[in-house]
Amino acid sequence: MKKNMFTRITIVLFIIGLMIAVQYNTIKQPAERDTRDIWAIREELAEEKQRHSALLAEIRSLNEVVGRYEQSEKANLQSALNETLNRLKLQAGLTEITGPGVILRVEPAPELVEMGYEIKEISPDLLTQLLNALFKNNAASVSIDGNRVVQTTAIRDINGKTTVNSVPLSSPPFEIYVGTSSFKEAQKMYNSLQASTFIDSFYLDNFNLMIEEPTEHLTLPAFDQPLTNDYLTEVEKGE
Amino acid sequence: MWLPFLGLIFGLALGLLTNIQIPSIYENYLSIAVLAALDTLFGGIRAQLQQVYDDKVFVSGFFFNIALAAGLAFLGVYLGIDLYLAAIFAFGVRLFQNIAIIRRILLTRIDEKRHKRNKNSIE
């Protein structure tokens with residue numbers, strides 16, 4: 001009888017302990033205080049606002065697609081599908097694209113060549129960094145020495161040759177075409193590249209990075225290799 | 001004798017180590033439930049000291065009080081009356097009373113013991 005009583009009290013005390021511990025955990029939950037000042041919060045808010053407007057724009061464009069589908073449901077579904085296909089191809093970089101943009105020319109620094117410096121391959125790291133900067137500045141499409149950069153593009157060193165899409169770059173000089181969504185964006189890109197440290201970084205590798213004035217008509221080649229996707233599979237009809 | 005304390009320590013350890021957290025809306029309910037549980041616990045200790053302890057009363061009181069307190073708080077939220085204050089008040093007062101009674105009983109017992117020892121030494 002007595003043992004039974006102790007067991008029950010033990011269970012009750014166990015529950016009490018658990019409840020107190022949970023309560024303690026819950027109360028001390030905001031362990032780190034929010035110490036941002038109003039400016040930091042405003043900046044974060046602005047970032048979220050930008051994301052918001054980007055999402056809204058996306059919703060609007062998708063709604064347009066839905067509307068087009070609905071309109072052409074009876075008339076010609078095929079053309080609507082074709083349109084979507086073309087849009088997706090454009091997004092994936094499978095089509096040639098013409099629009100405003102900036103041309104970057106990478107060439108060996110002439111004075112260093114005259115002095116007998118050996119001009120090596122451009123390093124993949126430098127190219128990757130440049131690409132990151134380009135996309136950060138809202139580049140819509142990029143091609144390096146005629147090789148269109150798409151989602152799956154790899155820039156790497158293969159047997160001492162720097163390759164883009166597994167195609168070795170021709171030795172400098174070569175050109176990097178940067179397509180943007182508007183001429184204004186192209187001007188912005190030009191200015192920010194002029195102000196960036198890339199010219200110096202390229203010079204460290206014995207290259208001159210020439211940034212040409214933005215143009216209205218720049219044609220970027222299509223991605224010419226088959227796109228491989230190892231992870232996407234076709235959905236069975238009716239699923 | 002030490003089994004109940006082991007249970008308490010085990011419960012505390014489990015709660016602290018697993019770092020379980022409840023959503024902050026339920027925080028009120030839990031705090032009231034903790035209060036009810038403590039009240040029942042001290043009530044049980046008092047009853048044991050007064051030799052009127054009953055297992056059934058203790059265990060049923062424990063769960064019933066917790067449920068009642070949480071229920072009152074829940075009702076209060078929906079009626080717009082801070083009914084949980086009633087529970088806090090009731091349990092708070094009883095907690096103090098129980099602890100006061102426990103203190104007195106323990107004091108009398110210590111006094112009695114001392115008396116006995118004195119008597120023994122005189123004899």
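Predicted model: local features only at pLDDT ≥ 70, side-chain atom pairs only at ≥ 80, totals over all residues.
**Exercise 1. Helices α2 and α4 of chain B**

Describe how helix α2 (residues 27–49) of chain B packs with helix α4 (residues 83–122) of chain B.

*Solution.* Step 1: the two helices pack at an angle of about 25°, and their axes are 9 Å apart. Step 2: angles under 35 degrees count as roughly parallel, and therefore α2(B) is roughly parallel to α4(B). Step 3: the crossing in which α2(B) passes α4(B) is left-handed. Step 4: the residues of α2(B) in this contact include B:Ile32, B:Leu35 and B:Phe42, and those of α4(B) include B:Ile88, B:Phe91 and B:Leu95. Step 5: the residues of the contact of α2(B) with α4(B) comprise 16 nonpolar, three polar and three charged.

**Exercise 2. Helices α3 and α4 of chain B**

Find the orientation of helix α3 (residues 55–79) of chain B relative to α4(B), and list the residues that meet.

*Solution.* Step 1: α3(B) and α4(B) pack at an angle of about 150°, with axes 7 Å apart. Step 2: angles over 145 degrees count as roughly antiparallel, so α3(B) is roughly antiparallel to α4(B). Step 3: from α3(B), the residues B:Ala69, B:Leu72, B:Ala73, B:Leu75 and B:Gly76 take part; in α4(B) they meet B:Leu83, B:Tyr84, B:Ala86, B:Ala87 and B:Phe91. Step 4: this contact of α3(B) with α4(B) has nine nonpolar residues, one polar residue and no charged residues.

**Exercise 3. The sheet of chain A**

State the strand order of the sheet in chain A, and explain why β4 and β6 of chain A each have one side without a neighbour.

*Solution.* Step 1: three strands of chain A, in the order β4-β5-β6, form an open sheet with antiparallel pairing. Step 2: β4 (155–158) and β6 (167–168) of chain A stand at the edges and have a single partner strand each, so one side of each is without a neighbour in the sheet. Step 3: strand β5 (residues 161–164) of chain A is joined to β6(A) by two bridges, and these strands run antiparallel. Step 4: A:Thr163 stands opposite A:Pro168 in β6(A). Step 5: helix α5 (residues 124–136) of chain A packs on the sheet and touches β4 and β5 of chain A; the direction of α5 makes about 175° with that of β4(A).

Notes:
Residues numbered from 1 in each chain as written. Chains lettered and ligands numbered in written order. Axes fitted to C-alpha atoms, helices over the stretch in contact; angles between N-to-C directions. Helix = DSSP H or I, 4+ residues; strand = E, 2+ residues; numbered from the N terminus. Parallel < 35°, antiparallel > 145°, perpendicular 65-115°, else oblique. Left-handed = near helix turned anticlockwise from the far one by under 90°. Contact = placed C-beta atoms within 7 Å. Nonpolar A, V, L, I, M, F, W, Y, C, P; charged D, E, K, R; others polar. Pairing = 2+ DSSP bridges.
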